[in-house]
Amino acid sequence: MKSKQTYTCKDVILVSMPWSLFSRPSIQIGALKAYLKLQFPYLNIAAHHFYLKVAETIGYKLYHSISESTWLAETIYAAMLSPEKLKTIEKIFYREAGVKPLFRKSSFKELVSKVRKVTDVFIESINWNKFCLAGFSVCQCQLTSSLYIIKQLKIKYPDLKIVLGGSTFAGASKEVFKLIPEIDFVVKGEGELPLSQLVHHLGISNKRNKIPSIKGVISRESKENDNLDIFYQMETLDSLPMPDYDDYFNLLQTFGSKKTFFPTILSEISRGCWWRYAQRSKKIKGCAFCNLNLQWDGYRSKGHSKVVSEVDNLTSKYKSLSIAFTDNALPVKESKKVFTQLKELKKDFRFFSEIRATTTMENLKIMRDAGMSEVQIGIESLSTRLLNKLNKGTTAIQNLEIMKNCEQLEIVNNSNLILQFPGSDKDDVEETLRNLEFVAPFRPLRQVNFWLGLGSPVWQNPQQFGIKALYNHPLYADLLPQNISSIRFLIQAYRGDLGYQKKLWKPVKQRIKKWKMEYESLQNNSFFEPILSFLDGRDFLIIIQKQFNNKKTLTHRLKGKSREIYLFCRHHRSIKKILEHFPELPNDKIISFLRIMVDKKLMFEENKKYLSLAVQK
Ligand code: SF4
């Protein structure tokens with residue numbers, strides 16, 4: 001590299017636009033700022049988590065509700081981008097907002113005007129001329145806001161070089177520069193190495209329009225025979241510096257005590273998905289609906305000591321104890337060590353993470369003891385038939401077991417149940433409905449209608465799932481200027497069996513509604529009281545089964561061997577294992593006991609495997 005004086009690029013700006021979750025700094029720009037700083041110590045890097053300013057302006061509650069829905073979020077800046085479509089966009093806004101009282105109070109036009117004003121003030125407050133590069137991280141819900149700002153910037157600062165990265169543009173081709181001429185570069189995949197190369201070349205070049213080809217970066221000048229889909233990734237994550245969130249916290253401090261809150265800090269242990277990586281030689285790699293891995297090639301994980309020191313340093317530096325891990329799925333071996341050591345730090349952490357349903361009770365307990373208070377588990381379905389179609393690599397009984405374990409450990413389980421998956425049939429729905437009767441004592445799952453993600457295995461193999469045609473979700477055409485909506489975006493639509501699927505899954509929707517109502521009504525006291533629990537009397541067991549609709553709570557007493565069998569099946573067991581474990585008991589006696597337990601919904605049975613459902617009080 002050249003000496004400090006020869007560099008002409010000394011200032012870079014990184015921006016994250018609405019509608020990122022306001023309560024957490026952007027890990028994308030935090031990580032990139034830290035990495036660039038390490039590579040180019042002389043570089044001034046302005047990192048703007050601008051979405052936080054917008055949240056403060058319109059109010060945190062309203063911002064949060066908008067940011068929870070992709071289409072709702074995209075309407076606000078769409079109205080600024082395509083004013084000729086205002087009426088259509090306004091209609092979409094109110095339709096997506098539904099009946100929430102918060103939205104009934106706010107007028108769409110007023111909201112747009114407020115957001116436009118704060119965005120324009122943001123643009124005016126910065127001398128963009130001094131930056132040799134402006135980078136925008138464009139992930140879910142940030143498409144229209146990013147397009148709006150780059151268009152405004154290029155009108156005022158035509159020489160400003162603009163680079164986009166993030167999942168929204170992961171599928172971008174050279175076409176993007178024709179359709180959105182304001183963009184100069186797109187980083188494909190993770191940003192650290194490609195962006196450093198870009199900054200380096202901009203810094204040494206006197207002609208900024210003549211940047212040589214850089215791996216992982218596409219530009220107007222990219223040649224057709226350059227391999228535009230190759231990522232340029234860090235070999236190991238251990239050399240990454242700790243993310244720099246100073247700018248987010250500095251901005252928050254300017255809001256005054258009434259508007260301050262304790263943000264959730266983001267940290268990452270791994271990139272990619274180990275489960276998908278394990279299936280790399282198969283035709284369908286990973287879960288059929290998943291496109292979370294568009295930005296990574298393969299799988300990498302940090303060493304446990306690095307993670308522990310990073311979490312320790314981040315929480316000490318920013319004085320917040322709430323950490324969300326951004327991993328697609330926590331690594332199994334490393335996590336055990338990570339959470340064992342995090343516990344030893346003796347800090348009252350509050351962790352959130354996404355985990356697989358195969359996570360054992362032992363590991364879950366280690367996580368809980370370190371501070372894991374909320375998880376999103378890859379449950380997705382309560383039907384093993386459907387889980388096979390989803391290529392999830394799990395079964396319904398495993399899902400029930402981890403839902404029960406979360407209830408036992410008082411970890412909030414915020415997981416999804418996917419409905420209307422293409423190719424699902426009557427038998428999948430029947431199995432789901434049957435199994436829904438057994439999960440009633442556990443925290444309800446969130447129903448999510450299947451949506452087709454760009455690059456997901458379903459998208460790559462549409463015929464296998466009965467899909468006849470693929471195209472952008474039609475709302476892109478309603479929201480975006482006409483030329484831009486022809487780019488392939490993250491949310492896809494398809495011609496297939498959607499009408500049939502909607503009808504098919506109706507009874508499941510109704511059952512989930514009932515499940516939520518019953519669970520909430522049985523949990524309406526301030527202390528957490530499991531709905532199905534047991535007390536152990538050493539040689540007998542009392543199972544307490546609360547009932548809905550003010551019906552009397554049932555109690556069941558299991559003595560001697562019955563108690564032992566029930567405890568043995570706290571982890572799901574095959575009938576073969578159960579019979580082997582109790583050789584002194586006649587087989588028919590065990591089988592008839594198990595049948596009674598299942599009839600009373602105290603145990604669950606699937607494919608001759610049994611699981612006790614009550615949690616220990
Ligand atoms: S859904 Fe989760 S486990 Fe499945 S492939 Fe995606 S990231 Fe991996």
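Which residue in S24 is the bridge partner of Arg573? Hold that thought, and we'll get there.

Okay, hi everyone. First, this is a predicted model, so local features need pLDDT of at least 70 and side-chain atom pairs count only at pLDDT 80 or more, while totals for chains, interfaces and linings use all residues. Residues are numbered from 1 along each chain as its sequence is written.

Let's begin with the domains. The assignment gives domain 1 (4-219), domain 2 (264-465 + 497-522) and domain 3 (532-616); such bounds come from an automatic or database domain assignment. The centres of domain 1 and domain 2, taken over C-alpha atoms, are separated by 29 Å. Their contact takes 9 residues from domain 1 and 12 residues from domain 2, where contact means that the C-beta atoms, placed from the backbone, lie within 7 Å. On the domain 1 side, you'd find 3 nonpolar, 4 polar and 2 charged residues. Those classes go like this: Ala, Val, Leu, Ile, Met, Phe, Trp, Tyr, Cys and Pro are nonpolar, Asp, Glu, Lys and Arg are charged, and the others, Gly among them, are polar.

Now, into domain 1. Strand S1 (11-16) and strand S2 (residues 44-49) run parallel, joined by 6 bridges. A quick word on terms: helices (H or I, at least four residues) and strands (E, at least two) are DSSP runs, numbered from the N terminus, and two strands pair if DSSP finds at least two bridges between them. Opposite Val12 stands Ile45 in S2. The chain gets from S1 to S2 through H1, in a right-handed β-α-β crossover. Right-handed here means that, with the strands pointing away from the viewer, the path from the first strand over the helix to the second runs clockwise. In the loop between S1 and helix H1 (27-39) sits Trp19, and the peptide bond from Pro18 to Trp19 is cis, with omega near 15°.

On to domain 2. There's an open sheet of 5 strands with parallel pairing, in the order S7-S10-S11-S12-S13. Strand S7 (265-267) and strand S13 (412-413) are at the edges, each with a single partner strand, so one side of each has no neighbour in the sheet. For S13 we can look at strand S12 (residues 372-377), with which S13 pairs in the parallel sense over 2 bridges; Val375 has Asn413 as its bridge partner there.

Lys346 is in the loop between helix H14 (332-344) and strand S11 (350-355). Lys346 is not a glycine, yet has a positive phi of about 55°.

And what about the ligand? The residues around the ligand include Cys273, Trp275, Arg276, Cys287, Asn328 and Arg356, counting a residue as near if its C-beta atom, placed from the backbone, lies within 6 Å. The shell divides into 6 nonpolar, 3 polar and 2 charged residues.

Last stop, domain 3, and back to my opening question. An open, antiparallel sheet of 3 strands has the order S22-S24-S23. S22 and strand S24 (residues 609-612) pair over 2 bridges, and the partner of Arg573 in S24 is Tyr610. There's also helix H25 (residues 587-599): at 1.5 Å a residue, its 13 residues should span 18 Å, and its end C-alpha atoms are 18 Å apart, which agrees. That expected span is 1.5 Å times one less than the number of residues. Just after H25, Lys601 has a positive phi of about 60°.

That's my tour, thanks!

Note on methods:
Contact = placed C-beta atoms within 7 Å.
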